Amino acid sequence: MVRSLLNQAGSESNTRHARLSALRRLRGLTRDSDKNRLVISTHNAREVLLGILFSETNPISSELNLESLAILSSFPLSESDCLLVSSDPDRISYVIYLLSHSSIDVRVNSASLLENVLAGTRSPEHRAEISNHDEVFERIVGILNYPLTYPRAMKVGIKALFALCLVKQHRHKAVEAGAVEALIDRLADFEKCDAERALATVELLCRIPQGCTAFASNALTVPLLVKIILKISDRATEYAAGALLSLCSAVERLQREAVAAGVLRQLLWLVQSDCTERAKRKAQMLLKLLRDSWPEKSSRNSDDFACSDVIGF
């Protein structure tokens with residue numbers, strides 16, 4: 001049945017109505033179960049669907065394009081599929097154009113496809129070409145800011161933003177598009193995996209001067225990072241510690257803010273926990289950086305901390 005539906009959808013000799021009907025049936029099957037998605041993916045579905053999606057890349061997208069996009073957003077793409085999209089500027093421009101569609105479903109499906117392409121593209125040049133589009137960051141941040149009544153927008157939005165921010169030379173575009181404000185506003189609302197990805201994005205943006213400045217100017221940044229540093233997962237702890245280290249290294253005022261927010265206790269727990277070695281290393285560096293900002297009582301009691309073989313000042 002799947003092969004028949006794909007043949008019907010992909011054949012230009014069929015009526016538009018027949019092709020649309022086949023795509024809608026396929027979309028229904030992909031929604032039903034993981035098993036259905038696996039069966040469909042083994043029938044060369046991505047090749048057929050990509051062909052339909054990019055058959056008409058004019059501003060007025062047909063229902064055929066949008067139905068194929070909806071199905072494609074349910075599947076991971078192969079490396080060759082990603083290359084087919086990322087190596088063609090017209091196709092990338094079309095996907096980015098769909099990020100501004102009037103329908104939030106279409107915008108989210110487009111963001112999902114774009115994230116898939118970025119994640120599956122090996123060429124740094126192709127990834128850089130995608131992230132070089134100014135409007136792509138603005139539109140992804142817009143999806144991330146969509147009301148919480150549509151949780152898929154937040155999940156797909158943070159995946160796409162993280163994938164874009166892996167291209168270092170264009171991270172400043174994320175800051176200019178309002179990513180810092182969006183991340184701070186949404187950080188407490190993400191589920192575990194999405195929170196890890198959000199914190200990884202925060203750490204990436206803290207590594208550039210524009211990002212550091214933007215996070216430093218938000219009064220919620222440091223208290224929020226301190227609050228959640230041990231609450232989500234080992235990975236999240238590592239990213240939060242890395243972000244705090246970058247921020248406190250760049251702005252002395254934030255050192256005092258971090259201490260006031262209770263970071264010392266959190267860091268001391270961290271270095272004596274079963275967390276990752278990378279997280280412990282970042283915590284040690286942060287503790288050393290903050291030494292001059294410790295309250296007098298903590299300084300007098302610092303011998304208690306020195307007895308740990310994990311912390312070496």
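User: Is Leu224 buried or exposed?
Analyst: This is a predicted model, where local features need pLDDT of at least 70 and side-chain atom pairs count only at pLDDT 80 or more, while totals for chains, interfaces and linings use all residues. Residues are numbered from 1 along each chain as its sequence is written, and side-chain values use heavy atoms, with hydrogens and water left out. The labels go by relative accessible area: under 20% is buried, over 50% exposed, and in between partly exposed, using a 1.4 Å probe and protein chains only. Leu224 has a relative accessible area of 17%, so Leu224 is buried.

User: Which helix is Leu224 found in, and which residues does Leu224 touch, not counting residues up to four places away in sequence?
Analyst: Helices are DSSP runs (H or I, at least four residues), numbered from the N terminus, and Leu224 sits in helix H16, residues 221-228. Touching is a matter of contact, meaning heavy atoms within 4.5 Å. Leaving out residues up to four places away in sequence, Leu224 touches Ile184 and Leu187.

User: What about Thr237: buried or exposed?
Analyst: Thr237 belongs to helix H17, residues 234-250. Not counting residues up to four places away in sequence, it touches Ile229, Leu230, Leu270, Cys275 and Ala279. With a relative accessible area of 3%, Thr237 is buried.

User: Which residues of helix H7 are buried?
Analyst: Helix H7 covers residues 89-98. Its buried residues pack against helices H4 (45-53), H5 (63-72), H6 (79-86), H8 (104-120), H9 (124-131) and H10 (134-144). The buried residues of H7 are Ile92, Tyr94, Val95, Ile96 and Leu98.

User: How are H1 and H4 oriented to each other?
Analyst: Two packed helices are described by the angle between their axes and the distance between the axes. Here the axes are lines fitted to C-alpha atoms over the stretch in contact, and angles run from 0 to 180 degrees between N-to-C directions. Helix H1 (residues 2-10) packs with H4 at an angle of about 20°, their axes 10 Å apart. Angles under 35 degrees count as roughly parallel, over 145 as roughly antiparallel, 65 to 115 as roughly perpendicular and the rest as oblique, so H1 and H4 are roughly parallel.

User: Which residues make the contact of H1 and H4?
Analyst: H1 brings Leu6, Ala9 and Gly10 to the contact. From H4 come Ala45, Val48 and Ile52.

Methods. Helix = DSSP H or I, 4+ residues; strand = E, 2+ residues; numbered from the N terminus.
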